[in-house]
Structure formats: C-alpha cells, structure tokens
Amino acid sequence: MQDQKKIPLQSFGRRRGRKLRVSRSALMEMLLPKLLIELPENGLSPESLFQGNGKAPLWFEIGFGAGEHLVEQARRHPDIHFIGCEPYINGMAVLLSAIDKDELDNIQLYDGDARLLLERLPDESIERLFVLFPDPWPKARHHKRRIISQSTLALFYRKLAPEGLLRIATDHEDYGVWMFEHLLTFGKFKWTAKSCRDWKNPPADWVKTRYQGKADAEGRPAMFLDWVKER
C-alpha cells in the first residue's frame with residue numbers, strides 16, 4: 001500500500017494498459033505473490049527477502065518497464081540478488097513471463113513507489129542502482145514529479161554501498177540536463193565519464209530495451225550517466 005503521507009507525489013504515470021492475455025493474468029495471480037515484496041512497517045533485511053542468503057550483492061532497478069534490462073542482468077549474474085520496482089501492471093506481467101520461462105530465482109519485485117521500499121532497506125546495502133528512462137514529466141508544472149531530485153539523490157546516496165554505482169539514462173534532452181545539474185548540485189557522486197563518448201555511448205555491459213530501440217528510431221538519442229558514490 002502506498003504511504004502517501006510520506007511520498008505525496010508519484011513519479012510514475014499510469015498503472016494499467018490494455019487487458020492482459022490469459023497466460024499473463026495467470027502469472028499475475030500465481031507467480032507474482034511469490035516474488036512480491038510486502039512493505040513492512042519498519043526495516044527490511046536482504047536476508048528476509050532472499051531465503052536467508054543476504055550476503056550476495058544487491059542490485060536495485062527503479063521502473064523496469066517491460067523488464068528486458070532486469071531479466072538480462074539477472075541471467076548474466078545468477079550470484080547477484082535483484083529487486084525490480086514497477087507499478088505498471090502490464091510491464092510487470094511481461095517480466096513475469098520471462099522469469100517463468102528462464103526459471104530465474106534471483107529477482108524479487110515491488111509494485112509501488114520505489115522510494116518507500118528503499119527507505120526500509122538498510123543503509124549502504126545496494127551495490128548498483130538503476131534508473132533507466134524514467135518518466136520525463138516534460139511540462140514545467142510537473143517537474144516536481146521527476147524521480148531525480150535532491151531528496152531522492154540523498155536517499156540513493158544513503159542506500160548505496162561505498163563506491164556503489166548509480167546508473168541513469170534518458171532519451172529526453174531536457175531531463176538529461178536536469179539529471180546532470182541535480183547530481184552536480186548534490187555533490188556526493190563522482191561522474192565516471194572521461195569524454196563525451198562515455199555519455200553518448202552505452203556502457204560495456206548495457207542491455208538495450210525495446211523502449212530505447214523505439215526512441216532511437218524516432219531520433220531521440222539516449223544519454224548514459226554513470227555515477228559512483230563518494231565518501
């Protein structure tokens with residue numbers, strides 16, 4: 001359940017699209033409850049989420065869309081735990097299909113506002129945090145809904161382990177500038193880029209999604225920004 005007293009403004013848009021096909025509806029009913037994280041009143045330990053094995057590294061993705069990036073990273077890194085957050089029901093259903101097909105056992109899911117879950121995880125418990133192509137909220141009156149803000153960066157900083165990676169990407173030029181300026185203002189993350197090629201080209205371990213492919217086809221090149229937590 002969303003705690004609207006703590007997070008008054010949503011950073012995401014609609015929660016539901018077209019009607020789900022029968023097979024995906026079944027996965028939402030049968031598989032999702034096994035993977036879904038229930039938001040506790042107080043703290044939440046990685047040990048409680050991953051069957052007592054809380055020693056493995058934890059990677060966290062906010063707004064995974066249809067889940068292509070999350071699933072591929074989980075395939076590549078079976079020894080890493082993943083938490084994926086996505087309130088959009090149709091995207092969640094697509095991801096569940098991939099998890100079921102590949103029998104992945106290193107992903108847990110949350111279908112609400114990621115900030116609420118992050119607040120309950122231990123500080124310095126996340127090694128990588130992904131915010132890939134978040135809703136740009138392009139209208140000026142909606143900028144306050146953007147997920148990248150000073151308060152959210154402070155939350156990210158607390159939850160990332162020392163030298164933990166914050167990877168953000170957008171195909172919206174204005175939002176890219178917004179992200180860069182907010183991170184510079186926050187001042188506690190180090191930008192890893194050595195030249196313009198480092199933010200114009202994807203990182204070596206990048207996973208291209210259908211959304212990014214559509215943006216490329218429509219002439220909206222992405223910005224890739226890797227930042228590392230500094231002491």
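These legends describe close-up views of one predicted model.

The model is predicted, so local features need pLDDT of at least 70 and side-chain atom pairs count only at pLDDT 80 or more, while totals for chains, interfaces and linings use all residues. Residues are numbered from 1 along each chain as its sequence is written, and side-chain values use heavy atoms, with hydrogens and water left out.

**View 1. The seven-stranded sheet.**
Seven strands form an open sheet with mixed pairing. Their order is β3-β2-β1-β4-β5-β7-β6. Strands (E, at least two residues) and helices (H or I, at least four) are DSSP runs, numbered from the N terminus. Two strands pair if DSSP finds at least two bridges between them. The edge strands are β3 (107-110) and β6 (189-191), and each pairs on one side only. On average, neighbouring strands of this sheet are turned by 20 degrees against each other, direction ignored. Axes are lines fitted to C-alpha atoms, for helices over the stretch in contact, and angles run from 0 to 180 degrees between N-to-C directions.

**View 2. Strand β2 and its two partners.**
Strand β2 covers residues 81-85. Four bridges join β2 to β3, and the two run parallel. Phe82 has Ile107 in β3 as its bridge partner. Five bridges join β1 to β2, also running parallel. Here Trp59 stands opposite Phe82. Which residues of β2 point one way, and which the other? His81, Ile83 and Cys85 point one way, Phe82 and Gly84 the other way, and all are buried. Buried means under 20% relative accessible area, exposed over 50%, and partly exposed in between (1.4 Å probe, protein chains only).

**View 3. Helix α4 on the sheet.**
Helix α4 (residues 68-76) packs on the sheet. It touches β1 (58-62), β2, β3 and β4 (126-132). Contact means heavy atoms within 4.5 Å. The direction of α4 makes about 175 degrees with that of β2.

**View 4**
Five of the seven residues of β4 are buried, so the strand is mostly covered. Four bridges join β1 to β4, which run parallel. Glu61 stands opposite Phe130 in β4. Strand β5 (residues 160-170) pairs with β4 in the parallel sense over six bridges. Leu129 has Leu166 in β5 as its bridge partner.

**View 4. Strand β7 and its antiparallel pairings.**
Strand β7 (residues 223-229) is mostly covered, with six of its seven residues buried. β5 and β7 pair in the antiparallel sense over six bridges. Leu166 stands opposite Trp227 in β7. β6 and β7 are also antiparallel, over three bridges. Lys190 has Val228 in β7 as its bridge partner.

**View 5. Helix α5 and its cover.**
Helix α5 (residues 89-102) has 14 residues. At 1.5 Å a residue, α5 should span 20 Å; its end C-alpha atoms are 20 Å apart, which agrees. The expected span of a helix is 1.5 Å times one less than its number of residues. Buried residues in α5 are Asn90, Gly91, Met92, Ala93, Val94, Leu95, Leu96, Ala98 and Ile99. What covers them includes α1 (22-30), α2 (32-35), α4, β3 and α10 (210-217). Just after α5, Glu103 takes a positive phi of about 55 degrees.

**View 6. Helices α7 and α8.**
The axes of α7 (residues 150-159) and α8 (residues 173-186) come within 10 Å and cross at roughly 60 degrees. The crossing is right-handed. A crossing is right-handed if the near helix is turned clockwise from the far one by less than a right angle, and left-handed if anticlockwise. Gln150, Leu153, Ala154 and Tyr157 in α7 meet His182, Leu183, Thr185 and Phe186 in α8. By class, this contact of α7 with α8 has five nonpolar, three polar and no charged residues. Ala, Val, Leu, Ile, Met, Phe, Trp, Tyr, Cys and Pro count as nonpolar, Asp, Glu, Lys and Arg as charged, and the others, Gly among them, as polar.

Is Met28 buried or exposed? Met28 counts as buried, at 19% relative accessibility. Its place is in helix α1. Met28 and His142 are 114 residues apart in sequence and 31 Å apart in space, C-alpha to C-alpha. Thr185 lies in helix α8. Thr185 is exposed, because its relative accessible area is 60%. Thr185 and Tyr175 are ten residues apart in sequence and 15 Å apart in space, C-alpha to C-alpha.
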